[in-house]
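Here is a short report for a reader meeting this model for the first time. Look over the sequence and the fold, then read on.

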Amino acid sequence: MIFDTHAHMDDRAFEEDREELLSRLPQEGIALLMNPGCSQASSLAAVELTKRYDYLYAAVGSHPDAADEVNEAVLDCYRSLCRENPKVKAIGEIGLDYHYEDIPRDIQQRAFRAQMELAREEKLPVIVHEREAHEDGMNIVAEFPEVTGVFHCYSGSLEMAKWLIDRGWYIGFGGVLTFKNARKALEVAANIPLERIVLETDCPYMAPEPFRGKRNDPGKLYRVAEKLAQLRGLTAEEVQTVTLENGKALYRI
(Lines give C-alpha, C1' and ligand atoms only; values in the text may rest on other atoms or scores of the structure.)
Protein backbone atom coordinates (compact mmCIF):
# COMPACT_ATOMS: atom_id res chain seq x y z
CA MET A 1 0.00 0.00 0.00
CA ILE A 2 1.23 3.49 -0.91
CA PHE A 3 0.75 6.98 0.54
CA ASP A 4 0.41 9.56 -2.24
CA THR A 5 1.59 12.55 -0.24
CA HIS A 6 0.76 15.16 -2.90
CA ALA A 7 -2.16 14.81 -5.31
CA HIS A 8 -4.40 17.58 -6.65
CA MET A 9 -7.65 15.63 -6.89
CA ASP A 10 -9.67 18.86 -6.91
CA ASP A 11 -8.03 19.85 -10.22
CA ARG A 12 -10.24 20.42 -13.26
CA ALA A 13 -8.46 17.56 -15.02
CA PHE A 14 -10.49 15.16 -12.86
CA GLU A 15 -13.84 16.87 -13.41
CA GLU A 16 -15.36 14.04 -15.47
CA ASP A 17 -14.27 11.03 -13.40
CA ARG A 18 -13.13 12.30 -9.98
CA GLU A 19 -15.63 10.36 -7.89
CA GLU A 20 -15.14 7.12 -9.80
CA LEU A 21 -11.36 7.44 -9.53
CA LEU A 22 -11.37 8.26 -5.81
CA SER A 23 -13.74 5.37 -5.14
CA ARG A 24 -11.43 2.80 -6.72
CA LEU A 25 -8.00 4.04 -5.57
CA PRO A 26 -7.93 1.96 -2.34
CA GLN A 27 -8.35 -1.14 -4.50
CA GLU A 28 -5.39 0.06 -6.59
CA GLY A 29 -3.10 0.15 -3.56
CA ILE A 30 -3.52 3.73 -2.35
CA ALA A 31 -3.72 3.60 1.45
CA LEU A 32 -3.67 7.36 2.12
CA LEU A 33 -3.75 10.51 0.01
CA MET A 34 -2.89 14.13 0.77
CA ASN A 35 -4.64 16.78 -1.33
CA PRO A 36 -2.91 20.17 -0.90
CA GLY A 37 -4.59 23.43 -1.76
CA CYS A 38 -3.08 25.85 -4.27
CA SER A 39 -5.39 28.78 -3.57
CA GLN A 40 -8.22 29.68 -1.23
CA ALA A 41 -10.74 28.14 -3.63
CA SER A 42 -8.81 24.89 -4.11
CA SER A 43 -8.11 24.65 -0.37
CA LEU A 44 -11.84 24.78 0.32
CA ALA A 45 -12.43 22.13 -2.36
CA ALA A 46 -9.69 19.90 -0.91
CA VAL A 47 -11.27 20.06 2.54
CA GLU A 48 -14.69 19.17 1.11
CA LEU A 49 -13.24 16.04 -0.52
CA THR A 50 -11.93 14.80 2.83
CA LYS A 51 -15.51 14.60 4.10
CA ARG A 52 -16.40 11.94 1.51
CA TYR A 53 -13.34 9.67 1.59
CA ASP A 54 -11.84 8.24 4.78
CA TYR A 55 -8.35 7.80 3.29
CA LEU A 56 -8.10 11.37 1.98
CA TYR A 57 -6.54 14.30 3.88
CA ALA A 58 -6.05 17.97 3.01
CA ALA A 59 -3.62 20.85 3.32
CA VAL A 60 -4.61 24.49 2.93
CA GLY A 61 -2.52 27.24 1.40
CA SER A 62 -1.72 29.46 -1.56
CA HIS A 63 0.82 28.32 -4.17
CA PRO A 64 3.37 30.92 -5.37
CA ASP A 65 1.21 31.38 -8.49
CA ALA A 66 -1.58 32.58 -6.17
CA ALA A 67 0.65 34.54 -3.80
CA ASP A 68 -1.07 37.80 -4.67
CA GLU A 69 -4.31 36.58 -3.04
CA VAL A 70 -2.72 36.14 0.38
CA ASN A 71 -4.06 38.72 2.81
CA GLU A 72 -5.44 38.66 6.34
CA ALA A 73 -8.86 37.45 5.21
CA VAL A 74 -7.36 34.50 3.33
CA LEU A 75 -5.08 33.65 6.25
CA ASP A 76 -8.08 33.78 8.59
CA CYS A 77 -9.90 31.37 6.28
CA TYR A 78 -6.96 28.93 6.40
CA ARG A 79 -6.75 29.33 10.16
CA SER A 80 -10.41 28.43 10.54
CA LEU A 81 -10.10 25.43 8.21
CA CYS A 82 -7.18 24.12 10.28
CA ARG A 83 -9.05 24.50 13.56
CA GLU A 84 -12.43 23.21 12.43
CA ASN A 85 -11.36 20.21 10.33
CA PRO A 86 -9.24 17.48 11.94
CA LYS A 87 -8.31 16.09 8.51
CA VAL A 88 -6.44 19.31 7.60
CA LYS A 89 -2.90 18.20 8.38
CA ALA A 90 -0.61 20.84 6.84
CA ILE A 91 -0.22 24.30 5.35
CA GLY A 92 0.47 24.03 1.65
CA GLU A 93 1.37 24.12 -0.94
CA ILE A 94 3.32 27.31 -0.36
CA GLY A 95 6.72 28.59 -1.39
CA LEU A 96 8.52 30.29 -4.27
CA ASP A 97 8.55 29.78 -8.04
CA TYR A 98 10.88 31.98 -10.10
CA HIS A 99 10.52 30.04 -13.36
CA TYR A 100 7.91 32.28 -14.98
CA GLU A 101 7.74 35.08 -12.39
CA ASP A 102 4.16 35.97 -13.23
CA ILE A 103 3.95 37.03 -9.58
CA PRO A 104 6.76 39.41 -8.47
CA ARG A 105 9.32 37.87 -6.17
CA ASP A 106 8.65 40.21 -3.28
CA ILE A 107 4.96 39.26 -3.28
CA GLN A 108 5.83 35.55 -3.37
CA GLN A 109 8.25 35.98 -0.48
CA ARG A 110 5.74 37.92 1.59
CA ALA A 111 3.08 35.24 1.06
CA PHE A 112 5.56 32.46 1.86
CA ARG A 113 6.58 34.11 5.13
CA ALA A 114 2.96 34.80 6.12
CA GLN A 115 2.00 31.15 5.60
CA MET A 116 5.11 29.87 7.37
CA GLU A 117 4.05 32.05 10.29
CA LEU A 118 0.58 30.51 10.13
CA ALA A 119 2.11 27.03 10.25
CA ARG A 120 4.19 28.03 13.27
CA GLU A 121 1.09 29.43 14.96
CA GLU A 122 -1.00 26.31 14.26
CA LYS A 123 1.91 23.90 14.91
CA LEU A 124 1.45 22.22 11.53
CA PRO A 125 3.96 21.00 8.93
CA VAL A 126 4.22 22.74 5.57
CA ILE A 127 4.31 21.55 1.97
CA VAL A 128 6.84 23.65 0.09
CA HIS A 129 6.94 24.24 -3.66
CA GLU A 130 10.33 25.67 -4.58
CA ARG A 131 11.41 26.12 -8.19
CA GLU A 132 14.52 27.99 -9.29
CA ALA A 133 14.52 29.88 -5.98
CA HIS A 134 16.90 27.80 -3.88
CA GLU A 135 18.74 30.60 -2.07
CA ASP A 136 15.68 32.66 -1.17
CA GLY A 137 13.76 29.52 -0.26
CA MET A 138 16.44 28.32 2.15
CA ASN A 139 16.78 31.77 3.69
CA ILE A 140 13.07 31.92 4.46
CA VAL A 141 13.03 28.36 5.82
CA ALA A 142 15.93 29.31 8.11
CA GLU A 143 13.82 32.15 9.55
CA PHE A 144 11.34 29.58 10.91
CA PRO A 145 13.37 26.86 12.64
CA GLU A 146 10.28 25.57 14.46
CA VAL A 147 8.51 24.81 11.15
CA THR A 148 9.29 21.69 9.15
CA GLY A 149 7.49 19.66 6.52
CA VAL A 150 8.29 18.47 3.02
CA PHE A 151 9.94 19.96 -0.04
CA HIS A 152 7.73 18.39 -2.67
CA CYS A 153 8.80 17.50 -6.20
CA TYR A 154 12.35 18.11 -5.00
CA SER A 155 14.64 19.84 -7.49
CA GLY A 156 17.56 20.98 -5.35
CA SER A 157 21.04 19.61 -4.76
CA LEU A 158 22.13 16.74 -2.53
CA GLU A 159 23.79 19.25 -0.20
CA MET A 160 20.56 21.25 0.12
CA ALA A 161 18.58 18.06 0.82
CA LYS A 162 21.00 17.10 3.59
CA TRP A 163 20.69 20.60 5.10
CA LEU A 164 16.91 20.22 5.17
CA ILE A 165 16.99 16.69 6.56
CA ASP A 166 19.34 17.77 9.35
CA ARG A 167 16.60 20.23 10.37
CA GLY A 168 13.82 17.66 10.35
CA TRP A 169 12.43 18.00 6.82
CA TYR A 170 11.23 15.32 4.39
CA ILE A 171 11.96 15.19 0.66
CA GLY A 172 9.21 14.34 -1.84
CA PHE A 173 9.81 12.52 -5.13
CA GLY A 174 7.40 11.79 -7.95
CA GLY A 175 7.39 10.89 -11.61
CA VAL A 176 10.60 12.84 -12.32
CA LEU A 177 12.55 9.93 -10.81
CA THR A 178 11.56 7.83 -13.83
CA PHE A 179 12.64 10.42 -16.43
CA LYS A 180 15.79 9.78 -18.45
CA ASN A 181 17.19 13.26 -17.72
CA ALA A 182 16.61 13.08 -13.93
CA ARG A 183 20.28 12.93 -12.94
CA LYS A 184 20.07 15.34 -9.99
CA ALA A 185 16.89 13.82 -8.54
CA LEU A 186 18.33 10.33 -8.85
CA GLU A 187 21.51 11.36 -7.04
CA VAL A 188 19.52 12.81 -4.15
CA ALA A 189 17.09 9.88 -3.92
CA ALA A 190 19.97 7.40 -3.84
CA ASN A 191 21.96 9.16 -1.13
CA ILE A 192 19.62 10.53 1.54
CA PRO A 193 18.10 8.45 4.36
CA LEU A 194 15.16 6.40 3.13
CA GLU A 195 13.34 7.39 6.33
CA ARG A 196 13.17 10.98 5.04
CA ILE A 197 11.67 10.22 1.62
CA VAL A 198 7.99 10.41 0.74
CA LEU A 199 6.34 9.50 -2.57
CA GLU A 200 3.93 11.70 -4.52
CA THR A 201 2.28 12.03 -7.90
CA ASP A 202 1.65 15.81 -8.03
CA CYS A 203 -1.19 14.66 -10.27
CA PRO A 204 -2.59 15.52 -12.72
CA TYR A 205 0.96 16.62 -13.59
CA MET A 206 4.32 14.84 -13.84
CA ALA A 207 3.16 11.38 -14.91
CA PRO A 208 5.95 8.78 -14.63
CA GLU A 209 7.28 6.74 -17.51
CA PRO A 210 5.77 5.05 -19.48
CA PHE A 211 2.80 7.41 -18.99
CA ARG A 212 4.71 10.65 -19.49
CA GLY A 213 2.63 13.25 -21.32
CA LYS A 214 -0.66 11.76 -20.12
CA ARG A 215 -2.82 12.75 -17.18
CA ASN A 216 -1.25 11.52 -13.97
CA ASP A 217 -3.23 9.95 -11.12
CA PRO A 218 -2.38 8.19 -7.83
CA GLY A 219 -2.80 4.77 -9.41
CA LYS A 220 0.45 5.36 -11.29
CA LEU A 221 2.56 6.00 -8.18
CA TYR A 222 3.73 2.38 -8.10
CA ARG A 223 6.15 3.28 -10.91
CA VAL A 224 7.94 5.77 -8.65
CA ALA A 225 8.14 3.17 -5.87
CA GLU A 226 9.65 0.70 -8.33
CA LYS A 227 12.28 3.20 -9.46
CA LEU A 228 13.24 4.14 -5.90
CA ALA A 229 13.48 0.45 -5.00
CA GLN A 230 15.83 -0.09 -7.94
CA LEU A 231 18.01 2.81 -6.79
CA ARG A 232 18.18 1.57 -3.20
CA GLY A 233 18.52 -2.17 -3.82
CA LEU A 234 15.18 -2.94 -2.18
CA THR A 235 11.87 -4.44 -3.22
CA ALA A 236 9.03 -2.16 -4.26
CA GLU A 237 7.03 -3.51 -1.31
CA GLU A 238 9.77 -2.47 1.12
CA VAL A 239 9.84 1.04 -0.35
CA GLN A 240 6.08 1.31 -0.18
CA THR A 241 6.03 0.25 3.48
CA VAL A 242 8.77 2.65 4.59
CA THR A 243 7.47 5.64 2.65
CA LEU A 244 3.91 5.00 3.89
CA GLU A 245 5.16 5.26 7.47
CA ASN A 246 7.23 8.31 6.56
CA GLY A 247 4.16 10.07 5.18
CA LYS A 248 2.16 9.23 8.28
CA ALA A 249 4.92 10.67 10.47
CA LEU A 250 5.19 13.79 8.31
CA TYR A 251 1.48 14.55 8.49
CA ARG A 252 0.96 13.13 12.00
CA ILE A 253 -1.66 10.63 10.89
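What is the volume of the largest pocket? In this predicted model, the largest pocket has a volume of about 1000 Å³. Its lining counts 38 residues, and those closest to the centre are His129, Arg131, Cys153, Asp202 and Met206. By class, 12 of the lining residues are nonpolar, 11 are polar and 15 are charged. Strands S4, S5 and S7 each give at least two residues to this lining, as does helix H7 (183–191).

**The sheet**

Those strands belong to an open sheet of eight strands. The order is S1-S2-S3-S4-S5-S6-S7-S8, and the pairing is parallel. Strands S1 (2–4) and S8 (197–199) stand at the edges; each has a single partner strand, so one side of each is left without a neighbour in the sheet. From one strand to the next, the twist averages 25°.

Strand S5 (residues 126–131) runs parallel to strand S6 (residues 149–151), and three bridges join them. Ile127 has Val150 of S6 as its bridge partner.

**Helix H9 and the segment after it**

Helix H9 (residues 236–251) lies across S1, S2, S4, S5, S6, S7 and S8. It runs at about 100° to S8. Arg252 sits in the segment that follows H9.

What does Arg252 touch, leaving aside its neighbours within four places in sequence? Its contacts are Lys89, Lys123, Leu124 and Pro125. Arg252 and Leu124 are 128 residues apart in sequence, yet 9.1 Å apart in space, C-alpha to C-alpha. With Lys123 there is a polar approach: a polar atom of the Arg252 side chain lies 2.6 Å from the backbone oxygen of Lys123.

**Backbone exceptions**

Most residues other than glycine have a negative phi, and most peptide bonds are trans.

Glu93 lies in strand S4. Pro210 is placed in the loop between S8 and helix H8 (222–232).

Glu101 is found in the loop between S4 and helix H4 (105–122).

How values were computed. Residues are numbered from 1 along each chain as its sequence is written. This is a predicted model: local features need pLDDT of at least 70, side-chain atom pairs count only at pLDDT 80 or more; totals for chains, interfaces and linings use all residues. Side-chain values use heavy atoms; hydrogens and water are left out. Two strands pair if DSSP finds at least two bridges between them. Helices (H or I, at least four residues) and strands (E, at least two) are DSSP runs, numbered from the N terminus. Axes are lines fitted to C-alpha atoms, for helices over the stretch in contact, and angles run from 0 to 180 degrees between N-to-C directions. Contact means heavy atoms within 4.5 Å. A polar contact is a pair of N or O atoms within 3.5 Å; within protein, one must be able to donate a hydrogen and the other to accept it, and residues adjacent in sequence count only if both atoms are side-chain atoms. On a 1 Å grid over the protein atoms alone, a cavity is a set of points where a 1.4 Å probe fits but cannot get out, and a pocket is an open set with protein on both sides within 12 Å along at least five of seven lines; lining residues have an atom within 4 Å of a point. Grid points are joined across faces, edges and corners, and a volume is the space filled by probe spheres set on the points. Ala, Val, Leu, Ile, Met, Phe, Trp, Tyr, Cys and Pro count as nonpolar, Asp, Glu, Lys and Arg as charged, and the others, Gly among them, as polar.
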